[in-house]
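Please work through the exercises below with the sequence and the structure at hand. Each task is followed by a solution set out in steps.

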Amino acid sequence: MNAITLESETGDSLSPIIGKIVTDLFSIVIIFILGLGVAAYGAFVLTTIWDWFLVPAGYATLSFKTAIGAALIVSLLTAKDAKVAGAMRALPENNPDPSVFGDAAKRFTIVCVFMTMVLASAFAWTLILPN
């Protein structure tokens, strides 16, 4: 049997490229799912601590959905710079564009991706949890 192969204009096989794209997309999905798990655990910890210390002081009980929202807001406002710094350290050292604009563009892109992931996580939780 002849297998169907994808080839580029130069005759190279596109299978490794498609495999890398599929692997990257799978990795993004796994990271997103793990992020939802971390958000759920953070909300559990927040509601537990809230119930231990603030409910006896007269504050209302914190719902799980509200705790997830609060944790996402705090993470967006406080951990953004740390995540951006970590992502910037992960960039290759041999940067082809060492200009300030190139670094600023990379930082801006990383911040936008992080904020989009937080927004997607918040949207996913609004779909998962009932009102």
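The exercises that follow concern a predicted model and proceed from the whole chain to single residues.

**Exercise 1. The chain as a whole**

Task: State how many helices and strands the protein chain has, and in what order its elements run.

Solution. 
Step 1. The secondary structure of the protein chain consists of 4 helices and 0 strands.
Step 2. The protein chain has 131 residues, and 16% of them are buried.
Step 3. Its accessible surface amounts to about 9900 Å², and carbon and sulfur atoms hold 73% of this area.
Step 4. Among the contacts with a separation of 6 or more, 54% join residues 24 or more positions apart.

**Exercise 2. The faces of helix α2**

Task: Determine the span of helix α2 and explain why its buried residues line one face.

Solution. 
Step 1. Helix α2 covers residues 64–78, which is 15 residues.
Step 2. From its first C-alpha to its last, helix α2 reaches 21 Å, close to the 21 Å expected at 1.5 Å a residue.
Step 3. The buried residues of α2 are Ala67, Ile68 and Leu72.
Step 4. When α2 is viewed down its axis, these buried residues fall within an arc of 135 degrees, so they line one face of the helix.
Step 5. Ile73, Leu77 and Thr78 are exposed on the other side of α2.
Step 6. For Leu77, the relative accessible area is 66%; the cut-off for exposed is over 50%, so Leu77 counts as exposed.
Step 7. The C-alpha atom of Leu77 is separated by 9.9 Å from that of Met115, 38 residues apart along the chain.

**Exercise 3. Aromatic pairs**

Task: Classify the pair of Tyr41 and Phe44 and the pair of Trp52 and Phe53 by the angle between their planes.

Solution. 
Step 1. The count of aromatic pairs comes to 3.
Step 2. In the pair of Tyr41 and Phe44, the distance is 6.4 Å centre to centre, with 35 degrees between the planes.
Step 3. Planes under 30 degrees apart count as stacked and those over 60 as edge-to-face, so the pair of Tyr41 and Phe44 is tilted.
Step 4. Tyr41 and Phe44 both belong to helix α1 (residues 15–53), where they are 3 residues apart, about one turn of the helix.
Step 5. Tyr41 counts as exposed at 57% relative accessibility, whereas Phe44 counts as partly exposed at 48%.
Step 6. The ring centres of Trp52 and Phe53 are 6.4 Å apart and the planes stand at 85 degrees, so this pair is edge-to-face.
Step 7. Trp52 and Phe53 are both exposed.

**Exercise 4. The largest nonpolar core**

Task: Identify which residues touch the most other members of the largest nonpolar core, and which elements give two or more residues to this core.

Solution. 
Step 1. The largest nonpolar core has 13 residues, of which Ile68 and Trp125 touch the most other members.
Step 2. Two or more residues of this core are given by each of the elements α1, α2 and α4 (100–128).
Step 3. Residues up to four places away in sequence being left out, Ile68 touches Ala39, Ala43, Trp125 and Leu129.
Step 4. As a general background, nonpolar side chains in soluble globular proteins tend to be buried together.

**Exercise 5. Leu36, Ser121 and Ser63**

Task: Decide whether Leu36, Ser121 and Ser63 are buried, partly exposed or exposed.

Solution. 
Step 1. Leu36 is placed in helix α1. Its relative accessible area is 14%; buried means under 20%, so Leu36 is buried.
Step 2. Apart from neighbours within four places in sequence, Leu36 is in contact with Ser121, Ala124 and Trp125.
Step 3. The C-alpha atoms of Leu36 and Ala122 lie 9.0 Å apart, although 86 residues separate them along the chain.
Step 4. Ser121 is placed in helix α4 and is buried, with a relative accessible area of 6%.
Step 5. With neighbours within four places again left aside, Ser121 is in contact with Phe32, Leu36 and Leu72.
Step 6. Ser63 lies in the loop between α1 and α2 and counts as partly exposed at 36% relative accessibility.
Step 7. Ser63 and Ala43 are 20 residues apart in sequence and 9.0 Å apart in space, C-alpha to C-alpha.

How values were computed. Residues numbered from 1 in each chain as written. Predicted model: local features only at pLDDT ≥ 70, side-chain atom pairs only at ≥ 80, totals over all residues. Heavy atoms only, no water. Buried < 20%, exposed > 50% of the residue type's maximum accessible area, 1.4 Å probe, protein only. Contact = heavy atoms within 4.5 Å. Areas by Shrake-Rupley, 256 points an atom, 1.4 Å probe, with all protein chains shown as cover. Expected span 1.5 Å × (residues − 1). Arc of directions from axis to C-beta. Phe/Tyr/Trp six-rings, centres within 6.5 Å; stacked < 30°, edge-to-face > 60°. Core = buried A, V, L, I, M, F, W, Y, C linked by side-chain atoms within 4.5 Å.
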